[in-house]
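Thanks for coming. Please have a look at it first.

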Amino acid sequence: MHCPKCHGLMRTYNRSGVHIEQCDSCRGIFLDYGELEALSQMESRYRAAPPAPGWGAPAVQHHHHHGHHGHHGHHGSVFHMLFST
Amino acid sequence: METETAPPDLFARLVEIGRDSSRTGSSRTGSSRTGADAPDASAEPETLYDRHGVLVVRVGDLVVKAHQPGREYGDPFLARIKVAASLPDLLLGPLGPPSTVDGRTVTLSLYGEPVDPQKELPWEEAGRLLAGVHATPIPAEAPSWGRPTRVATQVARLGDGTAEDEIRRAFATLPAWIRGEDAGMARPERPEHLIHGDWHLGQMVRARDGHWRLIDIEDLGRGDPAWDLARPAALYLSGVLHPDEWTLFLDAYAAAGGPAVPDAADPWTTLDIPARSLAIQIAATCVISARGDERALDGPEQAMVDACGRISAAGDAA
């Protein structure tokens, strides 16, 4: 498929179940029927999630200390944090 | 770290009290045991807790506790014992009024099995129990919980260092009534409920009937229920508590009608300041402990100090 604007080559991407065609040359985006609605629905679901305060840890930095294979061992400093005043 | 342990003869005194009480059943309220169900008073006594001036000894199915010295154990404590006794499905409190033993305040309770940190943690039961306490109409005799004081005392104990400075900067963002500059300082009006007042997973035991209860009623009273959720909230926001565990806890709390989070869509309107305070308090406790042991902070401890950095960056609490 070629870009309707600049005739560059369009590539298909899948973002969370929504197909997006993007032009390699002008970076323009083409949405199929219903895809804009799907995107706005995802946006409203995202907004409905409780926003954590600004000081919350980014998810990637979580230091959760689950053991392997589903064990929930809490040791050392985490034990003290969870189990003492 | 201060881990002041009890004098050796106190252990023997508590065991004696436990054995006497098991034999006579005098402290047992409303239960007479016979035959196979009788408590085994000859069982080897076991120290359950011996830190910070508190000694807790198990004797058979009884627990004898010498409470922390230097605290108030007058009428408010008696009122708390009464309130706990009136809520036997939620709280496992002392079996009767305290006695004084070698100058120490001592109470007897039934034994309950503590949470095993190596197993799956009872987050949902915790949420339901706290919601149950918070949803109980406040008994007339319930004392006031007061205000959170531990964050200020822990921060005051900090020495010099970069982690210490980070924690102090975060502490400066807390409202004045929490920093304790003026105890009479105005604080936001929040609906009061019956609260545990010092909740963490060490405050839960599984009773003989297999159901969980809250223990340690020294801070039980009327107050803002958000503070009972502050510790897991702080650990979650600091990246130490797994989001799944936090969600189990909070969802169970909300589903059981817990009033601390009136707007389920945004729990942080009520939880932000209590969570900040606990994050700072836990960070201070970690740093004091690490310095006392002359060791570096481990990963989760450093995560708490890092959270303090983000608290300062976020600015004054709303």
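The buried residues of helix α7 of chain B are B:A230, B:R231, B:P232, B:A233, B:A234, B:L235, B:Y236 and B:L237. Buried here means that 20 or more other C-beta atoms lie within 10 Å of the residue's own, against 12 or fewer for exposed and partly exposed in between, with C-beta atoms placed from the backbone. Helices are DSSP runs of H or I with at least four residues, strands are runs of E with at least two, and both are numbered from the N terminus.

This is a predicted model, where local features need pLDDT of at least 70 and side-chain atom pairs count only at pLDDT 80 or more, while totals for chains, interfaces and linings use all residues. Residues are numbered from 1 along each chain as its sequence is written, and chains are lettered from A and ligands numbered from 1 in the order in which they are written.

Back to α7(B), residues 230-237: eight of its eight residues are buried, so the helix is largely enclosed by the rest of the structure. What covers it? The cover includes α2 of chain A, together with α8 (243-255), α9 and α10 (299-314) of chain B. Just after α7(B), B:G239 has a positive phi of about 85 degrees.

Next, the core. The largest nonpolar core has 91 residues, and B:I167, B:A279, B:I280 and B:A283 have the most contacts inside it. Such a core is a set of buried Ala, Val, Leu, Ile, Met, Phe, Trp, Tyr and Cys residues joined through C-beta atoms within 7 Å. Helix α9 of chain B, residues 268-292, gives the most to this core, with ten residues. Domain 1 (8-111) and domain 2 (123-314) of chain B both contribute, so the core lies between them; the domain bounds come from an automatic or database assignment.

Now the two chains together. 27 residues of chain A are in contact with 32 residues of chain B, contact meaning C-beta atoms, placed from the backbone, within 7 Å. On the chain A side, helix α2 (residues 76-83) gives the most, with seven residues. That side has twelve nonpolar, 15 polar and no charged residues. For these classes, Ala, Val, Leu, Ile, Met, Phe, Trp, Tyr, Cys and Pro are nonpolar, Asp, Glu, Lys and Arg are charged, and the others, Gly among them, are polar.

Last, chain A itself. It has two helices and three strands, in the order β-β-β-α-α along the sequence. Of its 85 residues, 13% count as buried.

Terms used: Two residues are in contact if their C-beta atoms, placed from the backbone, lie within 7 Å.
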